[in-house]
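The sequence and structure come first, and the description follows.

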Amino acid sequence: MGSADANTLISSQKSSDSGVQAVLHPLVLLTISDYITRHTLRAQKGPVVGALIGQQNGREITIEHAFECATAESDGNITLQADWFSQRLEQMKTIHNSPQLDLVGWYTVLPKSGPTPSILPIHSWILSEHNESSLLLAFHTEEAVQHSAGSKLPLTIYESNYEVDEPKPEQGEDKEMRDGDPPLKLKFTELPYSVETGEAEMISMDFVARGAGNATVVEPREQKKPAAVFGFEANPKGKQPAKATQPRDANQHAQEHTLSSEDEEMIAALTAKANAIKMLQSRVNLLTTYLQRLPPSYLSPNVTANLAPAQQTTPSHTILRSIQALVNRLSLLVPSNTKAYELEMLSEANDVHLMELLNDVMQSITEARDVGKKYGIVESAKNHNKKLLENAGNLGPQYGFASTGDLAI
């Protein structure tokens, strides 16, 4: 029995029966992850609860922004502070008035198995007071820790409906006939969703990606003390004997090293390209595995796959047509004149190597010039000292250095 069957709050209906489609924006994910990170690092008490605002156009619901919510505990249940929530919601509506956004749901942290009874007071209050078709975004922290490139986002979006909750009769047992309507119970159904990014959000995501590529923990530096004068340390309380300074280790030097803006941009660009290559490789491996596990009737005679019927995948003509269309488009990426393309690439590679050699030559010339300058300074100092000694010898012993027989007056 799966987790969905064990959870009594999960509906038995399929997600495609309702026809509701959710559109998620990346700024909502940034807000939720930031809230969870601060809540965890600061060891704050209470659940992670926030509201989602967006638009509802027919059967499509967009989730565009999110904000944190203040909670209160009453009779052992976690609820929202009604006055605070209403005031904050009006403020968010005033800010996002073009286009006008409204409350479309709320979010919290839940396990992968689905909603728990502890969320029912908050969800029921939102349904009765603000939006009767409110959504629930469940963020799964255990999946976020083990997240890999190309995998699904660690979240699930649910819609709620009141359904008949009747216990199933055991096999061979007659069902009891009762008068009146059967009882209704709140059930949650998983919704399909897609991610949509606007132009302003693309700028924000690019900025966050650049900063995340080289994010490090910076420890506060110790305040430098004034230098010692004549063997005594400068201290407002008085002069004290100077203590022997301990040499700083290499780790402290490494911590104080900071990257330039060009290095940060280079690291961010390389990180983005590496993640894109990893995702592409994972998708190619997925397609290859899918094709290798097709039944023998779908494979060419040259390809043999010794797989049991249980290990074979169920063929999908839609997926196979998409793969065939992708393979047909690969010929467009190959240039028509391969030899000219190779010559052009070789010419560009030679130009790059030539520029690198010229750069090395210019650096060598600059270093040789610096060595020549230093050598000239040293030689001029030696000649100057030699002339001083010769002049002192020509002036006589009375103007020179003290010798034997001279009296000290």
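Helices (H or I, at least four residues) and strands (E, at least two) are taken here as DSSP runs, numbered from the N terminus. This is a predicted model, in which local features need pLDDT of at least 70 and side-chain atom pairs count only at pLDDT 80 or more, while totals for chains, interfaces and linings use all residues. Residues are numbered from 1 along each chain as its sequence is written, and side-chain values use heavy atoms, with hydrogens and water left out.

## The chain as a whole

The protein chain holds 10 helices and 12 strands. Of its 409 residues, 19% are buried, where buried means under 20% relative accessible area, exposed means over 50%, and partly exposed lies in between (1.4 Å probe, protein chains only). If contact is taken as heavy atoms within 4.5 Å, then among contacts between residues at least 6 apart in sequence, 65% join residues at least 24 apart.

Helix 3 (residues 82-95) has 14 residues and spans 20 Å from its first C-alpha to its last, close to the 20 Å expected at 1.5 Å a residue; the expected span is 1.5 Å times one less than the number of residues. Phe 85, Leu 89 and Met 92 are buried in this helix. Seen down the axis of helix 3, the buried residues fall within an arc of 65 degrees, so they line one face of the helix; the arc is that of the directions from the helix axis to the C-beta atoms. The buried residues of helix 3 pack against strand 2 (49-57), strand 3 (60-68), strand 5 (77-80), strand 6 (102-109) and helix 4 (120-129). On the other side of helix 3, Asp 83, Gln 87 and Thr 94 are exposed.

## Salt bridges

A salt bridge is counted when a side-chain nitrogen of Lys or Arg lies within 4 Å of a carboxyl oxygen of Asp or Glu, and by this rule the count comes to four.

| Pair | N to O distance |
|---|---|
| Arg 38 and Asp 34 | 2.9 Å |
| Glu 68 and Arg 38 | 2.2 Å |
| Lys 112 and Glu 143 | 3.9 Å |

Arg 38 and Asp 34 both lie in helix 2 (residues 26-41), four residues apart, which is about one turn of the helix. Arg 38 also forms a salt bridge with Glu 68; Glu 68 lies in strand 3 and Arg 38 in helix 2, so this pair ties together parts that are 30 residues apart in sequence. Arg 38 is partly exposed because its relative accessible area is 23%, and Asp 34 counts as partly exposed at 39%, as does Glu 68 at 30%.

Lys 112 and Glu 143 form a salt bridge that links distant parts of the chain, with Lys 112 in the loop between strand 6 and helix 4 and Glu 143 in helix 5 (residues 141-145), 31 residues apart. Lys 112 counts as partly exposed at 40% relative accessibility, and Glu 143 counts as partly exposed at 29%.

## Surface and backbone details

Tyr 162, Val 164 and Leu 184 make a nonpolar surface patch of about 330 Å². Patches are made of residues with over 30% relative accessible area and no salt bridge, like charges being joined within 9 Å and nonpolar side chains (Val, Leu, Ile, Met, Phe, Trp, Tyr) within 5 Å. Val 164 belongs to strand 8 (residues 155-164) and is partly exposed, because its relative accessibility is 45%.

Met 202, in helix 6 (residues 199-213), is exposed with a relative accessible area of 51%. The C-alpha atoms of Met 202 and Pro 26 are separated by 8.8 Å, although these residues are 176 residues apart along the chain.

Ser 98 and Pro 99 are joined by a cis peptide bond with omega of about -5 degrees, and Pro 99 sits in the loop between helix 3 and strand 6. Ala 43, which is not a glycine, has a positive phi of about 55 degrees; Ala 43 lies in the loop between helix 2 and strand 2 and counts as exposed at 61% relative accessibility. Asp 75, also a residue other than glycine, has a positive phi near 55 degrees. The place of Asp 75 is the loop between strand 4 (71-74) and strand 5, where Asp 75 is exposed with a relative accessible area of 79%.

Technical notes
Areas by Shrake-Rupley, 256 points an atom, 1.4 Å probe, with all protein chains shown as cover.
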